[in-house]
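Have the sequence and the structure open side by side.

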Amino acid sequence: MKQRERVLREVLSAFFQRKQTRFTQLELSKSLGLSLSAVNAAVKRLSAMGAVEISPRGFRVVDAEKILFHWCNERDLQADVTYQTRVDGTVSQIEKSMPPGVVYTAYSACKYALGHAPADYGEVVVYATTPGALQEIKRRFTARAGPPNLTVLAGDGGLQRVAQGGVAPLALVYVDLWNLKEWYAKEFRKALEARLGL
């Protein structure tokens, strides 16, 4: 995930989870372990599109929906794929077999966050937030030919911090669903829109 995407993830996670609207670039820099210039560049971009208002002491979110859709178009999900394979068994069996250090996104995350799946789905998409988690996934689900139904994305410690109960922040789940090609991704996005108040 690019540095500016990590800034977007942090801002939108705080906005949708805690209704936080005010931030400082310095606090974001420290919590994300990014340079202040990297954070400033991301915030200036949001300011230029009218999504945030910058003040001498930080910035305020004025249009979270605009930030979310900007991120949807910026996200390059394929660049974060670290492992894919075909697994025999149901998506429920795959989900239950995940090791520690995994954060669910896309369909599984939506199902866990909403308490139900808005449509049937046939793939599991997760973030491996530690090298050990990725190694364990490869051990449990060996590489096999066929259309992949397990996709592992590169995660980071910041994601683990903002995840809730092993589920990615709903803004990130939405952005990931936006970037998936299966027809039912739209059904999951619609369900999340209601939860996010879009």
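The lining of the largest pocket is made up of 8 nonpolar, 4 polar and 3 charged residues (Ala, Val, Leu, Ile, Met, Phe, Trp, Tyr, Cys and Pro count as nonpolar, Asp, Glu, Lys and Arg as charged, and the others, Gly among them, as polar). A pocket here is an open set of points on a 1 Å grid over the protein atoms alone, where a 1.4 Å probe fits, with protein on both sides within 12 Å along at least five of seven lines; lining residues have an atom within 4 Å of a point. This is a predicted model, in which local features need pLDDT of at least 70 and side-chain atom pairs count only at pLDDT 80 or more, while totals for chains, interfaces and linings use all residues. Residues are numbered from 1 along each chain as its sequence is written, and side-chain values use heavy atoms, leaving out hydrogens and water.

Among the 15 lining residues of the largest pocket, Gln 84, Thr 151, Leu 180, Lys 181 and Glu 182 lie nearest its centre.

Next, the second pocket. Its lining includes Phe 16, Ala 113, Pro 169 and Arg 195, and divides into 8 nonpolar, 2 polar and 2 charged residues.

Now find Ser 31. Ser 31 touches Glu 10 and Arg 161, not counting residues up to four places away in sequence (contact means heavy atoms within 4.5 Å).
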